[in-house]
Amino acid sequence: VTLSARRIRAVAQKELRHLFRDHRMRPILFVAPVLQLIVLGLAANLDVQDVRLLVVDADRSPVSREIAARLDASPAFELVDVVSSDAAAEAALVDGSAELVVVVPRGAQRGLARREPVDVPILVDGTDTNRALLAQSYAERILARISAERAPVPAPPVGRPDVRVRVLYNPALQSRWFMLPAIVVMVLAIVTMLLSALAVVKEREKGTIEQLSVTPIQPVELIVGKLLPFAGVGLVVALLVTGAAVGVFGLPLRGSVVVLVAMELLFLLSTLGFGLLASTLARTQQQAMLAAMLVLLPSFLLGGLFYPIENMPGWARALADLSPVRWFGVMVRALFLQGAGFTSLARESAMLALLGAVVLGTAMLRFRKRSA
Amino acid sequence: VRTVWPILWKEALHIARDPRSLLASLALPLLLLVLFGAAIRFDVTDVAVVVVDQDRSAASRELVARLTAGDTVRVIAHEDDPEAIEAHFEGRRARLGLVIPPGYAAGTARGRAVPVQLLVDGTDATFAGQALGIVSGIVGDVTLREARASGSAPDAAPGLVARPRVWFNEALDGTWFVVPGLIAVIVSVLAAMVTSQCVAREFEQDTIEQILVSPVSGPAFMVGKLLPYVGIGMAQVLTVLLASRFVFGVPIRGSLLLLGLGTLLYLTGSMALGLMLSAVLRSQQVALQVSILVGMLPSLLLSGFIFPIHNMPTPLQAVTYVVPARYFVAIARALFLKDAGLEAIATQMVAMTVFAGVMLLVAVSRFPRRLA
């Protein structure tokens, strides 16, 4: 079979015209992704800050007031109230107005002065496990500092390792810098996959697929012609959201832009392929959508975009390896934050290319069979 | 009101005629729940470390041995040059690097605190923070044990002793945190998708004209369209609830009646949103893209499911008030893990009712009165 560039161009032109004939598609395709990136980028903050803190002050002493003030001064906490009864604190935990309660018991001031150990109960709402753990350890650290100042213990003259921490790539450990590349990946995957998922099934629903099959066009030409405009749209969207991540949020792009764009094209291969596969499997647009979501949602949640893959059980990791999002996500982060060169991305790009080829190949085979 | 029935019946027939979609919409939530509930873990269980031991002494080897004594920390490579650590970070083989300087053994033998450098790949801020906590905890423990061995640190130090106690999610089980929120996300995704199709389909296939010449009124049409999907949604939630209770052991401590009522309100709201988009946009493709934009992404990212709403900038917090998933996530968390009463979730209930009402009104108002 020889492919005709002329026929491919004809399909591509028809598809482009279809895509933008509905004047609402332009803002949906190009403006919405940028807005999404900005809104979600603003939302994507997992830093433990402003934890709602309630202090139960049974001591009413300078020490108890200092504890409340010092916790409140930390960016991790926001003091919502100081109460005198445990019951009020428990109610606040249940209705969610407080996430962490520090109880300063009666006699704290006296105990500290006498250099006795003073128990300070800390009640944590454990619903959000990660936030609870970190908030608890911040509170413990602040309490330790206060008691070191008020009841100092001389440092033991013992040989020991003194750990000095240096954080690379994201020195302030901002969770937003971790999330922004993930949002770029998500937005790109959604836009392109939905486009191609509806591509074939729409013709089938309207019956125009039969008209196409009586023209001299080959199935492969039809697919290539249909996907090319989508790849073009995807590339423009990729540039727009990348630009917004850098321009609006100051996310550093330390790697090469050329490599990033090349990887984005590689990624489009598999998202368009998955969409096409969904389109050949479905009889209605609705079914195609369901199929696309079935792939997208697990990819986002298991692909390491929000939750580290290292923490997952082995079977889930193996499953994640099948998702292009998992490999592209790693690459986008490495390119933005680590400034990784192409060589250190070789494994990921090979996997991405392999997945793309397999998926797109399967979709084309299926399409050819159905249309034959 | 009598005309609601025929529409409802017709829609139910439509649904039943496509058993593939019906089955998918029931199995999908269950599959997603089991997948994510089992795979998403917040507790760090695997930290890969590169060690650069420039001292090569018994003392330095002992420090490394203590670090890796548990199951969590794993040494994946030994290097001679600290510069080599970054290559491991960029190849994503390790997240931490430990550099023990020459003279570590000699220094500690003389009773000094010898600086030991810990390099951290800060790309994933949350993971890095937790890994740092684990490693510095182990090293700190080394320090304390040596101090006790030399008799210079008393066993019970004077001062404030934090006694943390975790509430609601006592074992800090990440699944307990994820599952209630996950229900909200799964349901809203499917809800908006399914309903955004059903009215647009009538417009695309021109069957809307037949409805218009029949005695069916706008409100009856919309309600009739809505109810079958609300029914499917309730069935989805029920299966998901049973799975979360019996597969993952997530407790439901609050009132089942309130949970059911909350679910019903949330479902109606999400479905009505889809219906509204469908009626306003009148094209399956456009309605789908938009329902993902205003349905799936916000319920994933602006509902408090992944990112705490409290951490968001104020204007964005204002936006979350029109995301119905926000209210349901709050209700689900309050009723699963806490035994919250009606007064704690009344605002959320009212908000969801208002949301559903407004969406339905808009949908009805966009129902054409006569043929165009």
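Biologist: Is B:Cys198 buried or exposed?
Modeller: Its relative accessible area is 0%. Under 20% means buried, over 50% exposed, and in between partly exposed (1.4 Å probe, protein chains only). B:Cys198 is therefore buried.

Biologist: Which pLDDT do local features need here?
Modeller: Residues are numbered from 1 along each chain as its sequence is written, chains are lettered from A and ligands numbered from 1 in the order in which they are written, and side-chain values use heavy atoms, leaving out hydrogens and water. This is a predicted model: totals for chains, interfaces and linings use all residues, side-chain atom pairs count only at pLDDT 80 or more, and local features need pLDDT of at least 70.

Biologist: How far apart in space are B:Cys198 and B:Phe127?
Modeller: B:Cys198 sits in helix H7 (residues 174–204) of chain B. Helices (H or I, at least four residues) and strands (E, at least two) are DSSP runs, numbered from the N terminus. B:Cys198 and B:Phe127 are separated by 71 residues in sequence. C-alpha to C-alpha, the distance between B:Cys198 and B:Phe127 is 43 Å.

Biologist: Which helix of chain A holds A:Glu149, the salt-bridge partner of A:Arg70?
Modeller: The A:Arg70 and A:Glu149 side chains form a salt bridge at 3.1 Å, N to O. The term needs a side-chain nitrogen of Lys or Arg within 4 Å of a carboxyl oxygen of Asp or Glu. The pair links distant parts of the chain, 79 residues apart: A:Arg70 is in helix H3 (residues 62–73), A:Glu149 in helix H6.

Biologist: Why does the salt bridge of A:Glu99 and A:Arg131 tie separate parts of chain A together, and how many residues apart are they?
Modeller: The two side chains meet at 2.8 Å, N to O. A:Glu99 lies in the loop between helix H4 (86–95) and strand S3 (100–104), whereas A:Arg131 is in helix H6, so the parts tied together are apart in sequence by 32 residues.

Biologist: Which residues share one salt-bridge network with A:Lys226?
Modeller: A:Lys226 pairs with A:Glu203, with 2.9 Å between the closest N and O atoms. A:Lys226 is in helix H9 and A:Glu203 in helix H7 (residues 175–206) of chain A, so this pair bridges 23 residues of sequence. Both are buried. Through shared partners, salt bridges join A:Lys226 to A:Lys14, A:Glu15 and A:Glu203.

Biologist: How are H1(A) and H9(A) oriented to each other?
Modeller: Helix H1 (residues 5–21) and helix H9 (residues 219–249) of chain A have axes that come within 8 Å and cross at roughly 50°. Axes are lines fitted to C-alpha atoms, for helices over the stretch in contact, with angles from 0 to 180 degrees between N-to-C directions. Under 35 degrees is roughly parallel, over 145 roughly antiparallel, 65 to 115 roughly perpendicular, and the rest oblique. H1(A) and H9(A) are therefore oblique.

Biologist: What is the phi of A:Tyr169?
Modeller: A:Tyr169 is in the loop between strand S5 (160–168) and H7 of chain A. At 9% relative accessibility, A:Tyr169 counts as buried. Most residues other than glycine have a negative phi. A:Tyr169 is not a glycine, yet its phi is positive, about 70°.

Biologist: Where does A:Arg115, with its positive phi, lie?
Modeller: A:Arg115 is not a glycine either, and its phi is about 60°. Its relative accessible area is 43%, so A:Arg115 is partly exposed. A:Arg115 is found in the loop between helix H5 (108–113) and strand S4 (117–125) of chain A.
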